[in-house]
Amino acid sequence: MEWEKSIKRVLTLRDGSQVGYYALPALAAAGYEQVARFPFCLKVVLEQLIRMQGHPAFSKEHVESLANWQPNGARCELPYMPARVLLQDFTGVPCVVDLAALRSAAERAGRDPNVIEPSIPVDLIVDHSVQLDSCGCSDALDLNLELEFKRNRERYTFLRWGQNAFNTLHVLPPGLGICHQINMELLGTCVTRKGEGAEALAYPDTLVGTDSHTPMINSMGIVGWGVGGIEAEAAMLGQPIPILTPIVTGVRLTGEIPAGVTPTDVALTIVHMLREHGVVGHFVEFFGSGLDSLSLADRAPLSNMAPEYGATMGYFPVDQATLDYLRMTGRSEEQIDLVERYCKAQGLFRTGDDENLYSHVLELDLGTVESSVAGPKRPQDRVAVRDLHHSFSQDLVKSPDERGFGISEQDLAREASLGAKGVLQHGSIIIASITSCTNTSNPTLLLGAGILAKKAVERGLTVPGWVKTSFAPGSQVAEDYLQKSGLLPFMEKLGFNIAAYGCATCIGNSGPVAEDVDAAVREQDLVVAAVLSGNRNFEGRIHPLTQANYLCSPPLVVALALAGRVDRNLTGEPLGMDEGGKPVMLADIWPTAEEISAYMSLAADPELYKSRYANLDTAVPVWNALPSGDGDVYTWDPESTYIQEPPWVADALSNPTEPGDITGARVLGYFGDFVTTDHISPAGAIKADSPAGLYLQEHGVGLAQFNSYGSRRGNHEVMLRGTFANIRLRNKLVSQTGGYTRLWPDGEEMSIYDAAMRYADAGTPLVVLAGKMYGAGSSRDWAAKGTSLLGVRAVIAESYERIHRSNLVEMGVLPLEFVDGQTAEILGLTGEEIFSIQGISAGLEPAKRLQVEVRGEKGAVTFEALCRIDSPIEVDYYRHGGILPYVLREALAQ
């Protein structure tokens, strides 16, 4: 179209070649002068609105709407089409299962199954499945990888089929690293170049990922965020993702990080600060003079933890630090030149004096940040290291809630002797893990951990025998520079041998602890702890035994492992005594900036990255030895307990029926605040006596072969039985924790799965009641898929986390929100009532208020609830029974 062509320009690169681009500065000549002062991240969104003109979902009105953006102006729906999609295997396997199911459905409809093919590049990195069965020994890495392949052979064979069947799907095998770190070190380009010659076009690298920590890539100036797998599948198949006009909160950083404080401490401080302010669903953009002192690796933890502070993104614009990082990680000089020239031409390059428009502005002086941990149950609950012992002692006796454990006065002294290992008590640390891309992507943090370990070993300190230590970096490059520095052997002497290249403890794959430790914790009902350099510490996530879980930097993980307890005064008491009987304080072995700097040149070697990423397709021979299958349509095995054809599109070949009002519904679960997707759909161990465990045993799977819920996500029969099965989940309808409820009207107590099946047999629809921030945490589409399969038609909550709300709509579940200050408690709801929701059949629209009628023994209550279907396209998804039936019908209609 002429309007689109009017702002197209040509950029000449260093080598004399030319690329076209859609020039944002040209919008000023068209009367949109304020675009020059837009937040950087908003400019990137605007560029794709311009570039995608010609796609039926994009219009000139979309461009004009965003080009007229005001910091606190009206919001409307906009389409967002990423340049690529990033998957990890826990969410990626179900994505490929869904794509395979869509192909099967297309074939049954008599159409070419290849009509289902991703239209944009898709990278799937297998990083979530490795479990830390072996730790603290020289062969831990090999043993864990061997077990990983043994457990997951069927899943991995399926992925090998998928890589062959779909032309645009690239699978990176296990053992290479974590998706977000590989995304930064290899996949992220900052600027994409497509086409050749006169057709060459440059545009920003953008993405969505099926992992909530996809925003880690924002540290490189790349727009991207986490979505549910079903939303990612739609994007793969050419459906833009609907977003509302962004609210952009600016965070001005000033000053410099003090000596002895780490980027992890800054990230935990930011999480605490932004959660208190409230930025759920916002784009957060960092700016200010403080950025000048932060390397890109220092910025990465702040971007990575965007989900923990509730934001869609935590964005840093492209600047000199970005170019330095691209060069350090072995990118070509041609690519670096393209990034610099394009971003400067587009006004996307930070110069240090940018004063952009923001919806809100917050400020943090980096000089005020102090050494911190976060916990014991939520990443936003920051605790200064100097106060950790006091904080834990107070939480121990608090009533069970967001922090407390409810230990009575007479039970505080409980302990268990482990013989030569020592005595286990409340507060003992049984897991200490350097894990997660959040912090292992930063060489200063890993070198700091190595230096601290070296000093500790030289002073004769050891880790208590009850602590399970592990090290699972997000990239193989970490091993290279730690080996070259000579620091890795000292880490190994303290038990921090490399045990995996994957998510490991951070996703809950911490593996078993020693049998005597396990028995002692259970017998004495001890509140024991885990410390990890990860991003999540929700209840039941890290390990079934660790009720207290603290996030901290890698050096602090090592220090706390040496201390062996979280109720020890780390800054006032010695970590131990040296061989001469002198006390060793934390300050004595804490790494200095000068010590870290002396090793940094080893980590900043581009050849390390080039070498590690040169031959990825042949890097894991055992992967290439797996059968890869053939055929465009997958052959489903009805006996498989890992991969089954899902039911999402079973009725999609017929026209959708208009959704009606919900009548006669019962409450399946009544939950409080901050129920996470980990609570709704756990990723970790499967209990033998749980509905999922019983199903597996009925199908001939022994306990040793159960694997985890995360690895079973390709089988809906396992996953629907695991929905609401987290051992720490509290349902107000019952007294015990775990996946239990009451079946009404009799009130019989049973598992949530069994109750849901009984309700289904009776034709009774279900609702869920919840408090604030329902669905916080991971971008786990199975939390919505399982909810749908259990027969839940609506969730009524005080508020939602962004991704889970979208996922519910995309699975045909209606998210409703209490209004006018009302809550389930204020309305006097007990969960025993019968619910009816009216106004659906009259036609839904975004933000419509629906009438909820509740009838119980005490009479009837009527209240309004806000329909959290937020955009017109979401109305269509809901009308079709979910996004996948919608996408299939659209594909078959072409």
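**View 1. Seven strands form a closed barrel with mixed pairing, in the order β26-β29-β30-β31-β34-β33-β32.** The model is predicted: local features need pLDDT of at least 70, side-chain atom pairs count only at pLDDT 80 or more, and totals for chains, interfaces and linings use all residues. Residues are numbered from 1 along each chain as its sequence is written, and side-chain values use heavy atoms, with hydrogens and water left out. Strands (E, at least two residues) and helices (H or I, at least four) are DSSP runs numbered from the N terminus. Two strands pair if DSSP finds at least two bridges between them.

**View 2. Strands β32 and β33 run antiparallel.** Strands of a sheet pair through backbone hydrogen bonds, either parallel or antiparallel. Here β32 (residues 834-838) is joined to β33 (residues 849-856) by five bridges. Serine 836 has glutamate 853, in β33, as its bridge partner.

**View 3. The largest cavity has a volume of about 210 Å³.** A cavity is a set of points, on a 1 Å grid over the protein atoms alone, where a 1.4 Å probe fits but cannot get out; lining residues have an atom within 4 Å of a point. Its volume is the space filled by probe spheres set on the points, which are joined across faces, edges and corners. Of the 24 lining residues, His128, Asp211, His213, Ile507 and Arg541 are the closest to the centre of the largest cavity. Helices α5 (89-108) and α7 (179-187) are the elements that give two or more residues to this lining. The lining has seven nonpolar, eleven polar and six charged residues. Ala, Val, Leu, Ile, Met, Phe, Trp, Tyr, Cys and Pro count as nonpolar, Asp, Glu, Lys and Arg as charged, and the others, Gly among them, as polar.

**View 4. The second largest cavity has a volume of about 90 Å³.** Residues that line the second largest cavity include Ser212, Pro307, Thr312, Glu801 and Arg802. Its lining divides into four nonpolar, four polar and two charged residues.

**View 5. Cysteine 190 lies too far from the closest cysteine sulfur for a bond.** That sulfur belongs to cysteine 343 and is 6.8 Å away. A disulfide is a pair of cysteine sulfur atoms within 2.5 Å, and the count comes to zero disulfides.

Conventions: 1 Å grid on protein atoms, 1.4 Å probe; cavity = no way out; pocket = protein on both sides within 12 Å on 5 of 7 lines; lining within 4 Å.
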